[in-house]
Amino acid sequence: MHHSRLCALVLDCQDGDLASAAEFWSQALGKPIKSTDEEGDGKYATLETAPDELQILLQRVDHPSRVHLDIEADDQDAEADRLEKLGAKRIGFVKRWWVMEAPTGHRFCIVRKQAEEFGPHLNTWE
């Protein structure tokens, strides 16, 4: 048995200026900027959200800008296996998450558990 839930809306930004991107999305979504350099490597910025809301992450990328979702799981491999049975494909393991592709062609990631508590909207899978 494992658990998972939708946890993040990720804005992939091809433009390297994450501070400007964070400023735009902060104003557009009405969420204050939490960090313009989340991990100190210039690749991630975050907006402030409530514990029961999706995290909003901006990520500097080399590919064209797009939006993708993150699913957090307490067993990433079990979640990837479950989603493969539904028709998804594993694209690759990057740092500490699985990049997946849905049968519709949309990319998404399976990330490790993001907070101490999973919070509301938790799924339990056998």
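On a 1 Å grid over the protein atoms alone, a pocket is an open set of points with protein on both sides within 12 Å along at least five of seven lines, and its lining residues have an atom within 4 Å of a point. The structure examined here is a predicted model, in which local features need pLDDT of at least 70 and side-chain atom pairs count only at pLDDT 80 or more, whereas totals for chains, interfaces and linings use all residues. Residues are numbered from 1 along each chain as its sequence is written, and side-chain values use heavy atoms, with hydrogens and water left out.

The largest pocket is lined by 30 residues, and those nearest its centre are Glu-38, Thr-46, Gln-55, Leu-57 and Gln-114. Strands are DSSP runs of E with at least two residues, helices are runs of H or I with at least four, and both are numbered from the N terminus. The strand β4 (55–60) is among the elements that supply at least two residues of this lining, and β4 gives the most, with 4 residues.

A nonpolar core is a set of buried Ala, Val, Leu, Ile, Met, Phe, Trp, Tyr and Cys residues joined through side-chain atoms within 4.5 Å, where buried means under 20% relative accessible area, exposed over 50%, and partly exposed in between (1.4 Å probe, protein chains only). The largest such core has 10 residues, including Leu-83, Trp-98, Met-100 and Phe-108, and the elements that give two or more residues to this core are β5 (66–73), α2 (76–85), β7 (97–101) and β8 (107–112). In soluble globular proteins, nonpolar side chains tend to be buried together.

Aromatic pairs were assigned where ring centres of Phe, Tyr and Trp (its six-membered ring) lie within 6.5 Å, with planes under 30 degrees apart counted as stacked, over 60 as edge-to-face and the rest as tilted. By this rule there are 2 aromatic pairs. Within the latter pair, Trp-98 is buried, with a relative accessible area of 15%, while Phe-93 is partly exposed at 46%.

Technical notes:
1 Å grid on protein atoms, 1.4 Å probe; cavity = no way out; pocket = protein on both sides within 12 Å on 5 of 7 lines; lining within 4 Å.
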